[in-house]
Structures are given as structure tokens and as C-alpha cells.
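Subject: Structure for your review

Dear colleague,

Please find below the structure that I am handing over to you. My findings follow it, grouped by topic.

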Amino acid sequence: MLRLAGRHAIVPLVDHHLARVAPDIVPIPVRDSLRAAAQQGAVESLQLTGELVAVMRAFEQSAIDAMPFKGPTLAALLYGDISLRQYQDLDVLVQRQDLSAARAMLLDLDFEPAEPMSDAQRASLLASGHHERFVHPASAATVELHWSLNDKTLTHRDIEHCWWRDRQPVTIGGVAMRTLGAERMLLYLCMHAGNHSWARLSWICDFQRALRAYTSVDWSAVWRMAAENGAQRAVSVGLALVDFLFEGETLTVTAAGSRPRDRIATELTLTFAHRLFAGSEIDYGVDFRVQLRSRERLRDKIRYAWHVLAEPHPADVMLVGLPRALHGAYYVFRPIRLAWKHLVRRQQRTRTA
């Protein structure tokens, strides 16, 4: 149980609820281990929250419009307690025209790039990636500076503008911030978790908490944005998982409305739920096919396949630091690297067998 709680990033929730509803059932050594892990997580959450406050103050002073999401903002809005949601880094979104200034500001705050890169590598990352990681050497806090909310398997240029509309306020550490509005947060939670095959219970908990927090949300707007961005199936799966795992029909009935049942979404829900109960790691060879099925539009299936199989990823850029003029060569290098990795893994499995 302790191992699974850690893997699914729900240690503080498990500790909180067991202490509240079943304090006498848990064996003392297990209870103590769980409590120690939850307290350590609370300390780390407080430290990260302090870093977020400092970063957002600096952004404000530099007149950079930055939007924190996930991390402490979700904890404050959905859980009412920053220590109840487990997170290990901070995510901040800026608009592309502010990216250079935001990056310089993080460097001024003594953050360092997590992966040292040349100017050419950074330019390639900007062209094909969606964020850069920075680490503070003293506190070890990690900030992911995003110029797109999602990676290219989900991102469309049109949707990137919509995240900035109708933002909602949240105050953390005495600093007023603005994060995703309710409708956009619900959509983003499904898109993000769906892109990772709903592999963590914490992501389903986030979505369930958001449904509880935003009971008067405009679901017609959520479904409209989902339709525009090929994410209706992701939302359908999220609602079905909450209903299936948390008996949350009272939360999902309004959202689902009279929409026709999506057979593939139902099948995907059962696949993801089975993985969670089995406690097995994701088989990424199978997951590629699952991710293709998760996308309802042919053009999005093609986008996903192209992004995974051909488009350069940060690992490719870091491994081969090509000049910016040769960026196109990454599209040849990546499939070769993937084929080599597959061959090596296959040989390792054969030797193990």
C-alpha cells in the first residue's frame, strides 16, 4: 500500500483519510511510516510554495504576465490545503513573446537550467518542445517554464490562446495570482492526464476534486473547447473514471448530460482502471496504440504518431547538439534512435528470459 501510494502521488491523501476514518486499523509501524512520508511531503510542498511566491513576485515586478498551474495552485483551489496534494516541481506558463525575459528573470533568481544547452540546442527545443526546466542549486526546487501548456501531441496554436482567457484568482502566501479558469482547468486536467494514460490516481483525484469545486461550471463551454481541440474523448474518459472509481455519478451526471455514449471511451476507461488495479507499469509499446485510440480525429492521430516517431524530443536535442541550421536532421536521427532503443530492449528481454 505504501509503495502504491507513493507511485500514485497520493501519500498525503491516504494519510489524511486513514487518520480520519480508520485510525485504529492501520498497524502502528505502517501508520508511522505513512505519517513520516506525509510530513516530509508537507515540508517539501511548503518549500516549493515559498519558491513559487518568490518567482511570481519577481515576474510581477518585471511586468511579465505569468500563469502558475498544477502544484500549489491546484492544491489551494481544489484541496484547500497545499499539503494535501503531492507535487515535486512548479509549472509556470508564459507567452512566447515573454519567454526570453522570463528565462532571464529565473537566472537572476539563481535558478540554473536543469540541462545545460547551447544556443543551438535551446533554439531546437523552442521549435519542438513546450517547456524548459530550471533548478535552484540551494533549495533543489525545480521550475518548469512553459511556453505551451501541452506538448505537441495535444497543442494546437489556436488552443494556446484560450488558456489565458477567463482566468480565476488564487492567493498563495499573500501573493495574488491568476490561474486557469474553471472550464479550462477541467479541460486541461483531462487532456494532461489523458496524454499520460491516466496512470496516476492523483490525476483522477484532481479531476474529481475539480468536479466537486466547480459545480456550476458551464459544461457547454467545456465540451465546445474540447470539440475544437479533439479532446472530447479525453473528457469522457475522465468523467467515466470518476464515476467508476469514486462512484461519482452525482458529480458526472450534469457534465455528461444527454451526450451519446462513446464506445471507445468506455473501452479505454476499463483499460486504464484495470492498469490501476493491477498496479503494473505501463507497457509503452501497447500505450502507443492506446494513445492513438484516445484521439477521435484522424489528423490528431497523425500528429501524435509524427510527434512520437519523428519529431525531435529534448533527449534527442541533448544527445546530438546540432547547429540550428541542421535542425531538420533531428527528424532523421530520432527514428533511428528509437529503432536502436527498441532493438536493445528486445535483446535485454531475450537475455533475461
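Asp-110 sits in the loop between helix H5 (99-108) and strand S3 (112-113); helices (H or I, at least four residues) and strands (E, at least two) are DSSP runs, numbered from the N terminus. The phi angle of Asp-110 is near 75 degrees, a positive value in a residue other than glycine. The model is a predicted one, in which local features need pLDDT of at least 70 and side-chain atom pairs count only at pLDDT 80 or more, while totals for chains, interfaces and linings use all residues. Residues are numbered from 1 along each chain as its sequence is written, and side-chain values use heavy atoms, with hydrogens and water left out.

Ala-9 is another residue other than glycine with a positive phi, here near 55 degrees. The loop that holds Ala-9 runs between helix H1 (2-7) and helix H2 (11-21). Ala-9 counts as buried because its relative accessibility is 11%; buried means under 20% relative accessible area, exposed over 50%, and partly exposed in between (1.4 Å probe, protein chains only).

Helix H4 (residues 71-79) has 7 of its 9 residues buried, so the helix is largely enclosed by the rest of the structure. The buried residues of H4 are Gly-71, Pro-72, Thr-73, Leu-74, Ala-75, Leu-78 and Tyr-79. After H4 comes Gly-80, with a positive phi near 70 degrees.

How many cavities of 30 Å³ or more does a search of the whole structure find? The search finds 5. On a 1 Å grid over the protein atoms alone, a cavity is a set of points where a 1.4 Å probe fits but cannot get out, and a pocket is an open set with protein on both sides within 12 Å along at least five of seven lines; lining residues have an atom within 4 Å of a point. Grid points are joined across faces, edges and corners, and a volume is the space filled by probe spheres set on the points.

The largest cavity has a volume of about 190 Å³. Its lining comprises 20 residues, and Leu-154, Gly-230, Ala-234, Ser-294 and Arg-295 lie nearest the centre. At least two lining residues come from each of helix H8 (182-195), H11, H13 and helix H14 (284-294), with H8 giving the most, 4 residues. By class, this lining has 9 nonpolar, 8 polar and 3 charged residues; Ala, Val, Leu, Ile, Met, Phe, Trp, Tyr, Cys and Pro count as nonpolar, Asp, Glu, Lys and Arg as charged, and the others, Gly among them, as polar.

The second largest cavity has a volume of about 50 Å³. Its lining is made up of Lys-70, Leu-74, Arg-85, Tyr-188, Leu-189, His-192, Trp-203 and Asp-206. H8 and helix H9 (201-213) are the elements that give two or more residues to this lining, and H8 gives the most, with 3. The lining divides into 4 nonpolar, 1 polar and 3 charged residues.

Helix H11 (232-246), helix H12 (249-256) and H13 each supply at least two of the lining residues, and H11 gives the most, with 8. This lining is divided into 10 nonpolar, 6 polar and 7 charged residues.

On the surface, Phe-244, Leu-270 and Phe-277 form a nonpolar patch with about 360 Å² of accessible area together. Patches are made of residues with over 30% relative accessible area and no salt bridge: like charges are joined within 9 Å, nonpolar side chains (Val, Leu, Ile, Met, Phe, Trp, Tyr) within 5 Å. A salt bridge is a side-chain nitrogen of Lys or Arg within 4 Å of a carboxyl oxygen of Asp or Glu. Accessible areas come from the Shrake-Rupley method with a 1.4 Å probe; for residues, only the protein chains shown count as cover. Phe-277 belongs to helix H13 (residues 263-278) and is exposed, with a relative accessible area of 64%.

A colleague
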